[in-house]
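Hi,

Here is the structure I promised to pass on. Have a look at it first, and my notes follow below.

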Amino acid sequence: MRADDSCVVNHPLWHGIGVPDDFLVEGDGVRVRDRSGRWYLDGRSTLWHGTLGHNHPKVIAAIQEQLNTLALGTLLIYDRPAEVTVRFAEALAAQLPDGLRRIRFGNTGSQMTEAAVLLSRYHRRITGERDRTAVITLWGSYHGQGAGATPLSGMLADRVDWCGPLLPDVHHAQYHGSWASSIAKVAARLGPDRVTAVVIEPVMGTTGVLAEQQDLAELAKYCRDNGIHLVADEVSTGYGRVGALSRSVQLGVVPDMLVLAKGITAGYLPAAALVVNERIYQDLKDAEPFPHGSTTDGNPLAAAAGLAVLDVLFGDGLIDTVIPKGEVLRKALEQQGFDVAHAGLLQRVALPGQTFDQVSKLRRACEDNGLLVSAGLGCLCVLPPLVITEDDCREIAERLGGARG
Ligand SMILES: Cc1ncc(COP(=O)(O)O)c(C=O)c1O
């Protein structure tokens with residue numbers, strides 16, 4: 001269907017929304033069915049956010065129960081939060097490292113990455129460093145879209161002026177095999193005392209490149225030594241995807257701010273969190289309120305879903321199964337002859353030298369072979385729901401191998 005034929009004008013303004021038979025109508029566990037009746041193994045967790053798959057009984061029951069008790073709420077004003085939202089914050093904080101437990105809730109990852117850099121700048125204003133406004137991210141990174149998030153996303157840098165001016169004083173570092181040195185180079189050019197925040201994804205979503213433990217530790221040290229806030233955008237890598245709540249923490253680095261979204265409600269309802277460290281919180285707690293937020297921040301239905309997700313991950317122990325299942329998936333993909341880099345159930349299948357169009361062709365061939373995966377730059381990204389079985393992991397590899405021919 002062409003965009004002109006449809007009332008839906010989000011993405012389709014450019015690309016059309018596919019033919020009606022492709023529309024998805026049913027989900028069950030790690031599989032989805034389209035209108036034509038075909039089932040697919042959902043190897044991209046819808047858009048990386050369906051971490052517990054479709055129809056998860058605990059999440060559904062939690063939302064239904066909340067729907068019947070208190071469905072509405074806000075954190076924006078009036079000091080009357082829904083109790084379930086406060087409980088959710090406490091349960092989430094209990095899984096976070098000491099000193100990184102102050103949580104702002106929002107609705108999307110984009111809203112929260114933007115909040116992180118604005119909060120960083122606001123903190124400078126309060127602590128008397130008004131000239132520290134520069135922000136550094138990597139070329140090719142993705143941190144969402146919006147007046148603040150689009151400029152942060154290095155992969156969208158060529159589009160920043162299309163509807164600009166957007167958030168100014170955002171700079172991008174070219175990745176040269178090391179997060180720390182690539183970013184330090186740009187910070188040195190700007191003057192490190194001009195830099196308020198560095199925003200990173202510990203695994204780059206567009207290329208699937210993984211930050212090494214030592215590299216991340218060096219970056220954290222550089223930021224610490226130069227008074228720069230390190231913001232870990234873990235919208236994609238957080239919430240169990242790599243077998244931990246946070247990839248940075250798993251690698252031994254506690255950032256100054258942590259952004260979580262996608263898996264926070266396993267994708268069932270919009271929610272996101274910006275977690276800030278104790279020092280920033282203490283500096284700001286008696287200042288004028290930070291001017292950033294939305295009506296539905298801390299929505300009770302999302303909070304109930306979030307509590308259920310934590311219960312499944314930590315109470316049922318699902319999070320402990322992610323690394324072993326990731327190993328099964330990696331080995332199965334390697335047996336099909338693929339070159340794989342992976343962290344838990346976030347796996348990058350390298351397709352060296354292939355253009356994005358070629359990668360997209362293979363992605364479509366996978367769909368014809370009953371498997372949904374993500375296309376990246378020079379790679380396919382495979383990231384199934386964490387509830388996947390080992391047999392399903394092997395099926396992914398077979399279907400991917402079959403699609404390549
Ligand atoms: C690393 C990262 N940051 C931010 C975002 C934006 O999140 P949202 O789409 O919820 O606004 C995404 C979404 O894909 C992401 O992968």
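Helices here are DSSP runs of H or I with at least four residues, strands are E runs of at least two, and both are numbered from the N terminus. The model is predicted, so to speak for local features pLDDT must be at least 70, side-chain atom pairs count only at pLDDT 80 or more, and totals for chains, interfaces and linings use all residues. Residue numbers start from 1 along each chain as its sequence is written.

Nonpolar means Ala, Val, Leu, Ile, Met, Phe, Trp, Tyr, Cys and Pro; charged means Asp, Glu, Lys and Arg; the others, Gly among them, are polar.

Now for α4 (residues 83–93). Val84, Thr85, Phe88, Ala89 and Leu92 are its buried residues, meaning 20 or more other C-beta atoms (placed from the backbone) lie within 10 Å of their own. They sit on the same side of α4 because they cover an arc of only 145° around the axis, taken from the directions from the helix axis to the C-beta atoms. Their cover includes α3 (57–67), β4 (102–106), β10 (272–276) and α11, with contact meaning C-beta atoms, placed from the backbone, within 7 Å.

Among the residues of α4 that meet α11 are Phe88 and Leu92. By class, that contact has nine nonpolar, two polar and one charged residues.

Cheers

Definitions and conventions: Two residues are in contact if their C-beta atoms, placed from the backbone, lie within 7 Å. A residue is buried if 20 or more other C-beta atoms lie within 10 Å of its own, exposed if 12 or fewer, and partly exposed in between; C-beta atoms are placed from the backbone.
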